[in-house]
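Biologist: I'm new to this one, and I'd like to learn how to read it. Could you walk me through it?

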Amino acid sequence: MTENDSGFVGSIPEIYDTYLVPLIFEAYANDLAERTAALSPKAVLETAAGSGVLARALAPRLAPDARYFVTDLNQAMLDHATSRQGPDGRITWQQADALDLPFDKATFDAVLCQFGVMFFPDRVAGYAEARRVLKPGGSLIFNVWDKIETNEFADVVTQAAATVFPDDPPRFIARTPHGYHNFELIQDELILAGVSRSPWK
Ligand SMILES: C[S@@+](CC[C@H](N)C(=O)[O-])C[C@H]1O[C@@H](n2cnc3c(N)ncnc32)[C@H](O)[C@@H]1O
């Protein structure tokens, strides 16, 4: 990952939410929302929430007395997310680095992160921070992409871009979103962070 890989700013939130979210993120947001709702959590934190696709899927499934903190490193992504979500007194939108969360320990029943951990400069630190703010027995629920060769859309886009820029082919998609798919590595990093086993798949 390079420093710029985490810069979801400028025109990116609008383009991201309009074109990429319906195409490749929405179905997974519905999946994470279902898994989360099944736990009936009362206090939920989402990190790297982006333009809010998971919040839009999950909020209707949470209890009326639930609290849902929706956070992202980039305020521009959250601004777009809030513009898409109807008023909801249970939700707090807050800029936050997932590696340095502004919350007390043992605050949340669930910490969620959809396609975000691959952007963390130190994933063990990110997992440990999620663990710190989780109540004992709470759940860390996240997803990552598999390798780019198994994702036709990302692979075709990357190959097409390489034909246009043969001297400097863009490698962002392969490097970062699709760069963290080794299950053993993910498992090892979770263990290093002190996250204990539930079903890890
Ligand atoms: C691929 S987007 C995923 C967004 C959203 N979860 C979704 O499913 O559409 C990755 C997000 O991670 C955020 N991000 C990157 N580094 C972060 C960090 N250290 N802490 C919190 N968010 C971060 C970016 O701002 C961006 O919104």
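Modeller: Happy to, and keep in mind that this is a predicted model. Let's start with an idea: a pocket is an open set of grid points with protein on both sides within 12 Å along at least five of seven lines. A molecule sits in a pocket if more than half of its atoms lie within 2 Å of the pocket's grid points. Here, the ligand sits in the second largest pocket.

Biologist: Which residues come nearest to the ligand?

Modeller: There are 18 residues around the ligand, and Tyr 16, Ala 48, Asp 72, Asn 74 and Gln 114 come nearest. Sorted by class, that shell has twelve nonpolar, four polar and two charged residues.

Biologist: And how do I read the polar contacts?

Modeller: Look for pairs of N or O atoms within 3.5 Å. Asn 74 puts a polar side-chain atom 2.6 Å from an oxygen atom of the ligand. With Ala 48, a polar backbone atom is 2.7 Å from a ligand nitrogen. For Gln 114, a backbone N or O atom lies 2.8 Å from a nitrogen atom of the ligand.

Biologist: How much of the ligand's accessible area does the protein cover?

Modeller: The protein covers 98% of the 600 Å² that the ligand has on its own.

Biologist: What about aromatic pairs?

Modeller: The whole structure has 13 of them. Take Phe 8 and Tyr 16: their ring centres are 6.0 Å apart and their planes are at 85°, so this pair is edge-to-face. Tyr 28 and Phe 115 also form an edge-to-face pair, with 5.4 Å between centres and 85° between planes.

Biologist: Is Tyr 16 buried or exposed?

Modeller: Buried means under 20% relative accessible area. Tyr 16 has 15%, so it's buried, and Phe 8, at 17%, counts as buried too.

Note on methods:
Residues are numbered from 1 along each chain as its sequence is written. This is a predicted model: local features need pLDDT of at least 70, side-chain atom pairs count only at pLDDT 80 or more; totals for chains, interfaces and linings use all residues. Side-chain values use heavy atoms; hydrogens and water are left out. A residue is near a molecule or strand if one of its heavy atoms lies within 4 Å of it. A polar contact is a pair of N or O atoms within 3.5 Å; within protein, one must be able to donate a hydrogen and the other to accept it, and residues adjacent in sequence count only if both atoms are side-chain atoms. Accessible areas come from the Shrake-Rupley method with a 1.4 Å probe; for residues, only the protein chains shown count as cover. On a 1 Å grid over the protein atoms alone, a cavity is a set of points where a 1.4 Å probe fits but cannot get out, and a pocket is an open set with protein on both sides within 12 Å along at least five of seven lines; lining residues have an atom within 4 Å of a point. Ala, Val, Leu, Ile, Met, Phe, Trp, Tyr, Cys and Pro count as nonpolar, Asp, Glu, Lys and Arg as charged, and the others, Gly among them, as polar. Rings of Phe, Tyr and Trp (its six-membered ring) pair if their centres lie within 6.5 Å; planes under 30 degrees apart count as stacked, over 60 as edge-to-face and the rest as tilted. Buried means under 20% relative accessible area, exposed over 50%, partly exposed in between (1.4 Å probe, protein chains only).
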